[in-house]
Amino acid sequence: MATTASAARGVVSLERALSKLGFASRAEARALIVAGRVTVDGRRATDPARRLTPERVTIAIDGAAPAAAAPLTILLHKPRGYVTTRSDPEGRKTVFDLLTDLDARVMPVGRLDLATSGLLLLTNDTQFGNWLTDPESGVRRVYLVTVEGRVNADTIGQLERGVTSKGERLAADTAVLRKASARESHLTITLTEGKNREIRRLLAAAGHEVTRLRRVQVGGLGLGTLAPGKWRPLSPEERQAAFPGYHPNRRAPRPK
């Protein structure tokens, strides 16, 4: 298959370009390249780490040109106990085990860790995925959080002012205390920047261990009545209404 790779932006490795464009997973892409089945501008490429700007080259696999896939974004209600990856070396269940009836290749937009449940978006639209994960886009992510111990007003202020965890500054856009007791407290926390395990690290630095974490909203999109383990596609109109700041004709952010 071949394409003029206009979806990805910036200089990336060849294996990452194939993955970001939805042709193969990183592991599959690496195997295809090493096997000599990939060409760049008509020349065989055998180095998976080769750096290139995808939109400036034509990448081909076995020389066959596929039809461009229609843009697809799906909403998945991720249960606890699933990892957000296509395969797992430890043999744990992955979110793709829940998508066996989906006849399209999509990639997760960000991640939810093993113990976190809730709203996860997956898409084959690289530009949209890059926009969602770019901190400059300011997309709101809302979480329901349960922690050990009593959270008070001072702790809420600390979460919003920010804490330092392993040299990194973490802060909630908003933190709202819904219920508190000596045993546990329930909060609603909103973020606009998805750092690794940010809520768990933020609350640990404030002295509270997270016991339950669920993401319930991304942008203007909520879980609604979607049951855990189930998914549904978003219509173009629904996606645009949920993310009005996204304009597909604008240049996408450089992939991280």
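1. Start with the aromatic cluster: ring pairs tie together Phe128, Trp131, Phe243 and Tyr246. Bear in mind throughout that this is a predicted model. Across the whole structure, a search turns up five aromatic pairs.

2. Take Phe128 and Phe243 from that group. Their ring centres are 5.6 Å apart and the planes meet at 70°, so this pair is edge-to-face. The pair bridges distant parts of the chain, with Phe128 in helix H3 (residues 126-133) and Phe243 in the segment after helix H6 (236-242), 115 residues apart. Phe128 is buried at a relative accessible area of 0%, and Phe243 is buried too, at 2%.

3. Phe243 also pairs with Trp131, again edge-to-face, at 6.4 Å centre to centre and 80° between the planes. Here too distant parts of the chain are linked: Trp131 belongs to helix H3 and Phe243 to the segment after H6, 112 residues apart. Trp131 and Phe243 are both buried.

4. Arg239 places its charged end over the ring of Phe128, 3.9 Å from the centre. Elsewhere in the list, Arg86 lies over the face of Phe96, 4.1 Å from the ring centre.

5. Now the overall picture. The chain has six helices and 17 strands, and 48% of its 256 residues count as buried. Among contacts with a separation of 6 or more, 67% come from residues 24 or more positions apart.

6. Last, the surface: the chain exposes about 13,100 Å², with carbon and sulfur atoms supplying 48% of that area.

Notes. Residues numbered from 1 in each chain as written. Predicted model: local features only at pLDDT ≥ 70, side-chain atom pairs only at ≥ 80, totals over all residues. Heavy atoms only, no water. Helix = DSSP H or I, 4+ residues; strand = E, 2+ residues; numbered from the N terminus. Buried < 20%, exposed > 50% of the residue type's maximum accessible area, 1.4 Å probe, protein only. Contact = heavy atoms within 4.5 Å. Areas by Shrake-Rupley, 256 points an atom, 1.4 Å probe, with all protein chains shown as cover. Phe/Tyr/Trp six-rings, centres within 6.5 Å; stacked < 30°, edge-to-face > 60°. Lys NZ or Arg CZ within 6 Å of the ring centre and 35° of its normal.
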